Protein chains: 2
Amino acid sequence: MNTHDLVRELREPADTKIVLLVADGLGGLPLEPGGMTELETASTPNLDALVRDGVCGLSTPVLPGITPGSGPGHLGLFGYDPLEYRIGRGILEALGINFAVGAKDVAIRGNFCTLDASGKIADRRAGRPSNEKNASAVAKLRTIKVPGVELFVEPVREHRFVVVIRGEGLGDAVNDTDPQAVGVLPLKAEGEDAASKKTADIVNQFVAKAVEALKDQGAISGVTLRGFARFPKIATFEDVYGLKAAAIAVYPMYKGLARLVGMDILDPGQTLHSQVDTLKKVWKDYDFFFLHYKYTDSTGEDGNFPAKVQMIEKLDAVIPDIQKLKPDVFIVTGDHSTPSKMKSHSWHPVPTLIAADTCRTDEVTDFNESACLRGGLGQFQALHLMLLAMAHAGRLGKYGA
Amino acid sequence: MNTHDLVRELREPADTKIVLLVADGLGGLPLEPGGMTELETASTPNLDALVRDGVCGLSTPVLPGITPGSGPGHLGLFGYDPLEYRIGRGILEALGINFAVGAKDVAIRGNFCTLDASGKIADRRAGRPSNEKNASAVAKLRTIKVPGVELFVEPVREHRFVVVIRGEGLGDAVNDTDPQAVGVLPLKAEGEDAASKKTADIVNQFVAKAVEALKDQGAISGVTLRGFARFPKIATFEDVYGLKAAAIAVYPMYKGLARLVGMDILDPGQTLHSQVDTLKKVWKDYDFFFLHYKYTDSTGEDGNFPAKVQMIEKLDAVIPDIQKLKPDVFIVTGDHSTPSKMKSHSWHPVPTLIAADTCRTDEVTDFNESACLRGGLGQFQALHLMLLAMAHAGRLGKYGA
């Protein structure tokens, strides 16, 4: 039995509220063996107070050694097995620009390229055009019509854009048309099954019409397409947990991931403080609140250890404002680790705390990687975090008599 | 490969004895953050001595956040995946009154109700009759015959009784006949498949005959039936582990759960001391002994923290008597936690110790929740405990060459 069916069977109504605060890329590494991580270096009196009366541990996003992207990292935290639910690249790209992908959509990543007189690829990135040139070329692509479907074209940046095909019975088992080489023709799209052949046929029409439409766009003279992906079949958060959920995220990708599972997407402005203000405003309207904080990840990706420390301290500073709302369950975690030392996402387990009345408190009084290793949650799968959230919220009945 | 097949493949004979002492609902919570649990408060010199020379950890009964009933809790300890083996309500009710359900049985929970002149339900619980009135009505129901099957009717208490239908080819996909409302007729039983239609037909005959049979029973004038459940298809303990197993439990439910997996059910009287006396008496006759102690759970359910502490201390007092028998493997655990603070079963992991010659001893010298967090078994699934028991008993060979 999968955990979603189990939750549907056991869940009980309760007038309780859960806050899931995700500090993206929270976990880190010491720069030298025996040194301190970013979280161990940061002064975090408020998180420490929270963990003192709560319970903590280390969350494994997917499996030991597996480094997740943002998609699998968040799906795991939302309780969707990231090895079962795979979100295609086209869908992630569309989510990343806040395009509202829907159930009938196939989303595709596009690159502008330069074609020579014989139609062969001369530059796979069309000389990396400015965002302005990108927008101009996208406007041309938007004039293209293909019978039987709706087409959407959205700029990303430089040579990158997104195409969404909306229609009935479309498949996504379609090859990339980018041959990953110059001096050769773009590949024809082919579909592996009837539904994907339908998509491939539409794609080939679109690509041919694109060459026409881009005639006056200089180095931008053709397109390649890749990462064909249907909107995934995924049960909504409300269907699984019976929770009315709001996403309070600044960046489009995380709004998009929350939209995938059917959360309401709020517009909290651009700062952590405006996110917390939004939380206060909608506190009565929802059962579950997903707050996303980006800068622990981006500073880690930059390899900027002191900046990541500072961003952790900024996060710590807003904790009391959230506590004042008296959430029944307050969870602080990350979707993965992003050690400054590695300048990238990593597989290392993620410090996680749960604060709730029903916690079996442990000896831990500091919130960081070393301390969480001694925490009462032990090392656990991110996938199980929502079960614990539901249990502490009094929203799960007994399994069996 | 499931663990049962693995055990069947690897198991080896050995002249060793395993004691599994289950303190029901053993795990607890501190009343205040940072305080002590019931087990941490109790003085347990004998359990502490046992854990000092053994190894300990925390057992997760089902999954993090999932609170098990007694059925799933014990199945896990016996090494049967509680998410795979589900014991229906009717079967659990029959086990709870110590009815020896068998492979051809469908067990059903019954309620006496009051019907009005038109046959509609006037009182779903027939005015909550005394146990004496219940027994009198049950005696009437026992006169009912339905061709082709054997019928058993057993009193539970007040308005509740159990019906067991014994026969060939009976299904249990049958709806409850209780409409959960008054002023309406009881529902007809219907079966979802051929076998269940056969059961439904028998049930409808039984219900009609019951109205006749109950004519002189006052407020008890009808019956509703629910929780139809076949005896589960479940491999016996001896088949899986090659262990001759005895259950030494006081309460019917736990005798029943042991009977489900084919253990011999002994009659140890009513006290912990008489249970240990029984253990001594049959020591030579079995390889495996399941001892069940109820009062750590019932005091927890009562929300009586000091009483639970006292019950733990009473359990501790009999430990030396069990040790004198020199079991090769001595396990002390619980089927779930029952924190006095919550007055209910909970999902929190359960302190568990194994004492055996082959233990890799850890630093732990106290048997309780906090200490077990530092134990050598770490946090593990209850489902794997029997593998450890078999290994420490020298009853599992090498897997692969």
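Colleague: Which residue stands opposite D105(B) in β6(B)?

Modeller: R166(B) does. This is a predicted model, so local features need pLDDT of at least 70 and side-chain atom pairs count only at pLDDT 80 or more, while totals for chains, interfaces and linings use all residues. Residues are numbered from 1 along each chain as its sequence is written, chains are lettered from A and ligands numbered from 1 in the order in which they are written, and side-chain values use heavy atoms, without hydrogens and water.

Colleague: In what sense do β3 and β6(B) pair, and over how many bridges?

Modeller: Antiparallel, over 7 bridges, with β3 of chain B covering residues 105-115. Strands are DSSP runs of E, at least two residues, and helices are runs of H or I, at least four, both numbered from the N terminus. Two strands pair if DSSP finds at least two bridges between them.

Colleague: And β5 of chain B?

Modeller: β5 (residues 150-157) also pairs with β6(B) in the antiparallel sense, over 7 bridges. Within that pairing F152(B) has V164(B) as its bridge partner. The two strands form a hairpin with 2 residues between them, and E158(B) in the turn has a positive phi of about 50 degrees.

Colleague: How many residues of β6 are buried?

Modeller: 6 of the 7 in 160-166, where buried means under 20% relative accessible area with a 1.4 Å probe, protein chains only.

Colleague: Changing topic. Where is R395(A)?

Modeller: In the segment after α14 of chain A. R395(A) is buried, at 3% relative accessible area.

Colleague: What is R395(A) in contact with?

Modeller: Leaving aside neighbours within four places in sequence, its contacts include L10(A), R11(A), E12(A), T16(A) and D287(A). Contact means heavy atoms within 4.5 Å. T16(A) is 379 residues away along the chain, yet the two C-alpha atoms are separated by 8.2 Å.

Colleague: How much of chain A is buried?

Modeller: 58% of its 401 residues. The C-alpha trace spans about 70 × 50 × 40 Å along its principal axes. Chain A has 14 helices and 13 strands.

Colleague: What share of the contacts in chain A between residues at least 6 apart join residues at least 24 apart?

Modeller: 74%.

Methods: Buried < 20%, exposed > 50% of the residue type's maximum accessible area, 1.4 Å probe, protein only.
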